[in-house]
Amino acid sequence: MKADIRPTPASSSKRNYILQLLTVFVGFLVFGFSENIKGPAIPRIQSDLRLDEMQLGTLLSLNSLGYLLACTFTALLIRKIGIKAVSLLAFGSMAVSGVFIFLSHSYPALSSSFFLMYIGNGMLEIGLAVLGARIFVKNTGTMMNLSHFFYGLSSTVAPLISSGLMIVTIFGHLLDWRGVYLIILMLSVLPMIPAFLGKFPGDATLTKDRIPLSSISRDPVIWLLVAVLSFGVISELAVGGWLVNFLEKAYGWRSASAAGMLSAFFLCFTLARLILGPVTDKIGFTLSLILFSAFSGLCTFAAILLGQSGAVLFAIAGVGIAPVYPTIMALIADRYRQGSDTAITFIVTLMGVASVLGNYFIGAITEGIKQLFSSGAEEGAGLLRGLQAGYGFIGLCALLCSMFAYLLYRHLQKKGELI
């Protein structure tokens with residue numbers, strides 16, 4: 001008599017969960033790489049294609065446009081073809097865009113290729129967030145922070161890998177920025193394997209059982225979440241664009257030293273997502289948002305007030321702002337189980353618009369205060385005040401994030417719906 005070697009339901013379920021985890025974790029790794037290799041690549045792209053500042057700005061704006069466009073239709077696409085197909089489509093479009101970027105030798109071709117890449121990035125951000133919301137039904141805060149830890153990890157090392165690979169020669173040919181984009185974006189094929197082999201929950205949910213957008217948009221909680229996430233993400237993303245500029249111009253730091261402080265910020269940011277996840281589960285999502293974002297804002301203002309001696313606080317601020325995004329995704333996952341795809345798309349799309357406006361506000365505040373305090377010999381003082389005011393807006397956004405999180409806490413507490 002032959003032994004029954006068919007897999008048990010328990011072993012099959014465990015195998016499928018591993019495939020789901022691999023899709024999310026490796027997906028976030030690839031996501032971080034694809035978004036953060038552009039730093040060292042941009043100057044080389046500009047030089048190689050002889051782009052002026054306006055063309056470069058347009059190129060980067062097309063990235064944001066593609067990302068926001070993808071955010072608007074991904075939820076609908078998930079409902080039509082399922083999260084599995086959308087995940088495969090997102091990874092596949094990123095891999096194909098890598099080939100197109102490699103073959104781009106003109107500005108229109110490169111712009112189109114970058115646009116396609118950020119369509120894939122936008123679909124991937126929504127897709128991974130929805131997938132995480134569906135599979136992380138236990139210890140949601142811990143698992144959401146852990147998955148975003150992989151994004152932080154690849155974001156930290158991506159600029160170093162990118163700059164290192166650009167000077168590598170293979171078979172007598174320099175990789176340069178085209179080869180780097182091809183290699184990095186072809187890594188998108190890796191998470192396609194577990195995505196293809198795995199089964200994902202939620203796709204069978206009937207339309208009548210889902211929470212419609214009209215109901216979600218009338219929920220005051222969703223608008224408070226938009227405010228919390230928008231201010232939190234402005235504070236998070238603005239550091240990458242403004243910290244080095246602040247340290248170099250305000251304190252006269254060398255580029256290497258300023259970049260080292262930015263790396264320290266990302267290190268604190270990444271470790272916080274790894275370590276603080278269980279804390280959010282223990283003390284509650286909304287209370288975590290209040291405490292962590294307030295800590296980040298206070299660290300930022302203290303760093304500005306203390307001057308160079310307190311510059312390390314710019315990096316430590318990363319500890320507080322890091323858990324905000326994954327914690328909100330965890331809160332959405334718990335509150336909107338039957339409509340997480342719609343809720344995430346709604347919030348992330350509005351957040352994307354806010355983050356674009358945030359950078360404009362920082363630049364406008366910096367320039368406005370600089371002009372206000374600049375007069376003849378005092379031009380240097382005007383620049384310092386402008387930079388402090390502009391960077392202070394980053395800290396203010398973290399405090400506003402905490403304030404709206406407190407309003408969210410009070411609202412949920414009154415309704416007995418604290419998570």
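User: Why is Ser235 called buried?

Analyst: This is a predicted model, and in it Ser235 has a relative accessible area of 4%. Buried means under 20% relative accessible area, so with its value of 4% Ser235 is called buried.

User: Where is Ser235 found, and what is Ser235 in contact with, leaving aside its neighbours within four places in sequence?

Analyst: Ser235 is found in helix α10, which covers residues 220–251. Leaving aside neighbours within four places in sequence, Ser235 is in contact with Ile321, Ile394, Cys397 and Ala398. For one of these, Ile394, there is also a distance to give, as the side chain of Ser235 reaches the backbone oxygen of Ile394 at 3.1 Å.

User: What makes α10 roughly antiparallel to α11?

Analyst: Helix α10 and helix α11 (residues 255–275) pack at an angle of about 155°, and their axes are 8 Å apart. Angles over 145 degrees count as roughly antiparallel, and therefore α10 is roughly antiparallel to α11. The crossing of these two helices, α10 and α11, is right-handed.

User: Which residues of α10 and α11 meet, and how do they divide by class?

Analyst: On the α10 side the residues are Glu236, Val239, Gly240, Leu243, Val244, Leu247 and Glu248, and in α11 they meet Ser255, Ala258, Ala259, Met261, Leu262, Phe265, Phe269 and Arg273. The residues of this contact of α10 with α11 divide into 10 nonpolar, two polar and three charged.

User: How do you know that α4 is roughly antiparallel to α8?

Analyst: Helix α4 (residues 83–103) and helix α8 (residues 189–197) pack at an angle of about 165°, with their axes 9 Å apart. Since the cut-off for roughly antiparallel is over 145 degrees, the pair α4 and α8 is therefore described as roughly antiparallel. In passing α8, helix α4 makes a left-handed crossing.

User: Which residues make the contact of α4 and α8?

Analyst: From α4 the contact is made by Lys84, Leu88, Phe91, Gly92 and Ala95, and from α8 by Val189, Pro191, Met192, Ala195 and Phe196. By class, this contact of α4 with α8 has eight nonpolar, one polar and one charged residues.

User: What makes Thr327 and Leu59 count as buried?

Analyst: Thr327 has a relative accessible area of 0%, and Leu59 also has a value of 0%. Buried means under 20%, so Thr327 is called buried, and Leu59 is therefore called buried as well. Thr327 is found in helix α15 (residues 324–335), where, leaving aside its neighbours within four places in sequence, Thr327 is in contact with Asn145, Thr280, Phe285 and Leu289. Leu59 has its place in helix α3 (residues 53–81) and, not counting residues up to four places away in sequence, touches Tyr107, Leu110, Ser111 and Phe114. Leu59 and Tyr107 are 48 residues apart along the chain, while their C-alpha atoms are separated by 8.7 Å.

User: Why does Arg50 count as exposed?

Analyst: The relative accessibility of Arg50 is 72%, and exposed means over 50%, so Arg50 counts as exposed. Arg50 is found in the loop between α2 (38–49) and α3, and its phi is near 55°, a positive value in a residue other than glycine.

Conventions:
Residues numbered from 1 in each chain as written. Predicted model: local features only at pLDDT ≥ 70, side-chain atom pairs only at ≥ 80, totals over all residues. Heavy atoms only, no water. Axes fitted to C-alpha atoms, helices over the stretch in contact; angles between N-to-C directions. Helix = DSSP H or I, 4+ residues; strand = E, 2+ residues; numbered from the N terminus. Parallel < 35°, antiparallel > 145°, perpendicular 65-115°, else oblique. Left-handed = near helix turned anticlockwise from the far one by under 90°. Contact = heavy atoms within 4.5 Å. Nonpolar A, V, L, I, M, F, W, Y, C, P; charged D, E, K, R; others polar. Buried < 20%, exposed > 50% of the residue type's maximum accessible area, 1.4 Å probe, protein only. Polar contact = N/O pair within 3.5 Å; in protein donor to acceptor, adjacent residues only side chain to side chain.
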